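Please look over the sequence and the model first, and then follow the text with both at hand.

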Amino acid sequence: MLLLGCIKEVSDYELAISLPNGLSGFVPVTQISEAYSKLLTKQVAQGELMEELSSLPDMYSAGTLVRCIVTNIEKSDDGRRSVKLSIDPKKVNKGLHSAALAAGMVLSGSVLSVEDHGYLIDIGVTGTHAFLPHQKAKNYIKAVKKGPDLKIGQNLNCLIVEVKNEGRVVCLSIDRSEVAASIATERQNWALSNLLPGLVVKARVQKVAPLGMKLTFLSYFTGIVDFMHTDPEKSMNYSPDQVVKACVLSVHPTSRAVRLTLRPPFLHPGGAPRQLPGQRMGAVLEEATVKAFYKQFGAVFELDDGTLAFARLKHLSKTRKSFKPGAFKEGCKHKCRIIDYSLMDEMCVVSLKHQIIEARFLQYQDIHTGDVVQGKVLSLKPIGMQVKVADGIRGLVPSLHLSDVILKQPEKKYNVGDEVKCRVLECNPGGKKLILTLKKSLVQSKLPVLSNYEDAKPGLITHGFVVCARDFGCIVKFYNDVKGLVPKNELGSEPISCPDKVFYEGQVLKVMVLKCEPQQERLLLSFRLSSKPGLEDKWKCIPKEKQEVKYQIGEIVDVKILKKKDNGLEVSILEDEDNVVAWIPTLHLSDFVATSELLWHCLQEGDVLPRVMYLSDKREHIILSRKSAVISAVQEEQVVRSFSEIQPGMLLTGYVRNVMPFGVFVEFPFGVTGLAPKVSMSDKFVTDTKDHFVVGQTVIAKVMSIDEEKQRVLLNLKVSECSSGDSAAESFALLNQYFKELKGIRDLLRRGEPSICELVPGKRVHLVVQDVREDGSALFSGSSVTGLTVTATRYHLGDKNIAPGEKRKALVLHVDALTSEVYVSLREELLKQRP
């Protein structure tokens, strides 16, 4: 049977296809095309990757329409049927022959080879060579964005432009506008033996019935449009003899029954059906209204957003006996859940079954790493145990994870059909891969789940399992394939000479993170949990009388600079008899990153810095901050002291701790950290995160959501979202603070570089031209700018030609105290404005 389908999912080994009337099927990798299968066979024989062989995700995208032919219907042990399909043109176009080919026909083709002037296309017709010139393919290639060229095995919707030598040579086009404009006509001599799905025809309504209607097309063909495929805008407002545009959906091989659709996206070849928004899948709807009930098929509902949905008969009640047709009269309301989306019908598929509405998981996307799930044992194999988590969701428990100890005969402990409680080690929804563990110590663990390197903060204690014990130490694995090394000296409080005699593969142990480098995916761990107290234990180690003397976070102190170091200032806290030494990182000298560097440059040993805030106590260091926005937030109690105080919607002042390709980590006073993902970083589109934020930058962040189990905070840094209301007042306050700090820097500069302090933007100076560069800019000197580099760009020289040695009047535009550079302008219109 020939059908028009729409690609739903693409994996390395198959295409999942949405078929009409809520059905679905699969195209195995061996049923793409003859040329592609030959390449696959060659690669398997040679045992190495071949350049010309592209993977299915490189060639196909979800949402693309394809012509398919049913090759097989398999029945599984549990009675489910699986439809196997092929998109190989030799099978799909088997009804066509050379003499039947005509210009204007639209049919499926597959790339056979790449030539100098175009592509040879396999259209499945024996004795016909089909050629696609580059010119007729370039617009399609640009739109599809799958690379600069078409790839061998790529399936195409082709339009025959020209037929030569009685059909032995045909010229094709895949240009979307040309293909979309084509309509099947009588002149193309279509016959029932070769009629193809996907053809767009002009049809005449013959008969209208409650479940659909009958059409005639191409003079003598008749076809049926069922209730799911009438135009939803027009509903059933069709009348006999009305002329409509229709698309062939399927052709039955023996009965020659033709089914058509009147839905708009299919009415021009190459169209794409509407997709369902991702967040709607799995949604539970309290009230869905019955639009129509069909006793052989099911019911059509109208959802809360006005779209239509279909529920099959078996999904309308728990059992056949409990089904009450009276409950499905037009206008009745029911609670339902969206369980699928049929691309070919552009309709949600819903279920009214209570167990499905209450189900925790419907698809792989609903499962997260670290979740504890109930499952049923399906089979036991040498590789491990297959577990059914929910309908259509299966997971694998590798043999290493069947128990806390290695089981030699797992069949003695587990039987098919047993209920088991597992924990998710890894979940990849795209590849439908679910790896589970039955190790009790992991399933029952109350410690944080470590599923990515970014969460591995020094001091974190969690459970992991040993995958390798060697002379150098142990490799321990966590969730999502995160792994780290426990070096030999961190294996225990006493030296261990032979780790492989003490530790075994699969052993679950508590470990502490010592160090993590997320970008390199390097993790250093320790089994010695008490040797290095975590930050939270540090206070416990200090005697009570000394603990009282310690400073509290938020306390304001005055400090004296002892030493200038590359990344900060070592200072002593004044008014403290013990001469406590503390540290101000350069980035904490100011809210403004540029000002921080300038301040570090200007300050000298012995200088006193007033009003500095105690921020934290890390690694025996007292960390202080001079960021005025952070100090204000702490003093006004607009802070959170622990994770438990965080609420979505809060506006918090913090500073950027790390900028990663996927987002920005922000730290707040009292040590709470959150992540602003790439999509929530800026009101502008973010290509590179480093273009938007720098480490140390002060930011106001809005809390989007919190994950208590993983102790994670998701933030929003969009300026439009992070204003407390009076944005103008906030902006002026920031600007005022910036100029206030600049004034303070100018006073500091007067000590060492008095000349640079006199130069303020807008000041007129007398200069001598030193040199004119190749790019048209000029260098100047003068008594008022001794020791400084003075530059004017080509634009700011105005219309005059200047030569070295000439005296000129200039206006100061900008002074960079950090690099001792001054930028000036000689333009008349600027000089005239100043007295």
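Two strands are said to pair if DSSP finds at least two bridges between them; helices (H or I, at least four residues) and strands (E, at least two) are themselves DSSP runs, numbered from the N terminus. By that rule strand β42 (residues 778-781) pairs with strand β43 (residues 789-792) in the antiparallel sense over 3 bridges, and within β43 the bridge partner of Leu 779 is Thr 791.

The model is predicted, so that local features need pLDDT of at least 70 and side-chain atom pairs count only at pLDDT 80 or more, while totals for chains, interfaces and linings use all residues. Residues are numbered from 1 along each chain as its sequence is written, and side-chain values use heavy atoms, with hydrogens and water left out.

**Barrels and strand pairs**

Strands β42 and β43 belong to a barrel of 5 strands, closed in the order β41-β42-β43-β45-β44 with mixed pairing. Its twist averages 50° from one strand to the next, where axes are lines fitted to C-alpha atoms, for helices over the stretch in contact, and angles run from 0 to 180 degrees between N-to-C directions. Val 815 lies in β44 (residues 807-816), and its C-alpha atom is separated by 9.1 Å from that of Cys 757, 58 residues apart along the chain. Not counting residues up to four places away in sequence, Val 815 touches Ile 756, Leu 759, Glu 821 and Val 822, contact meaning heavy atoms within 4.5 Å.

Another 5 strands close into a barrel in the order β16-β17-β18-β20-β19, again with mixed pairing. In general, strands of a sheet pair through backbone hydrogen bonds, either parallel or antiparallel.

| Strands | Bridges | Bridge partners |
|---|---|---|
| β19 (residues 333-342) and β20 (residues 347-351) | 5 bridges | Arg 337 and Ser 351 |
| β6 (residues 106-114) and β9 (residues 155-164) | 5 bridges | Leu 107 and Cys 158 |
| β9 and β10 (residues 169-173) | 5 bridges | Lys 164 and Val 169 |

The hairpin of β9 and β10 has 4 residues between the strands, and there Asn 165 takes a positive phi near 50°.

**Annotated spans**

An unreviewed UniProt entry lists several spans as "domain: S1 motif", among them residues 104-175 and 370-439; such positions are given in the numbering used here, feature names are shortened, and annotations may be inferred rather than shown by experiment. Residues 104-175 are 10% helix and 47% strand, with end C-alpha atoms 13 Å apart. Residues 370-439 are 0% helix and 54% strand, and their end C-alpha atoms are also 13 Å apart.

**Cores and cysteines**

Which residues have the most contacts inside the largest nonpolar core? In this core of 49 residues they are Ile 121 and Leu 150, a nonpolar core being a set of buried Ala, Val, Leu, Ile, Met, Phe, Trp, Tyr and Cys residues joined through side-chain atoms within 4.5 Å. Leaving aside neighbours within four places in sequence, Ile 121 is in contact with residues including Leu 132, Leu 156 and Cys 158. A second, separate core of 43 residues includes Ile 573, Leu 603, Leu 609 and Ile 802.

The structure holds 0 disulfides, a disulfide being a pair of cysteine sulfur atoms within 2.5 Å. For Cys 158, the nearest cysteine sulfur is that of Cys 171, 11 Å away. Cys 158 counts as buried because its relative accessibility is 0%, where buried means under 20% relative accessible area, exposed over 50%, and partly exposed in between (1.4 Å probe, protein chains only).
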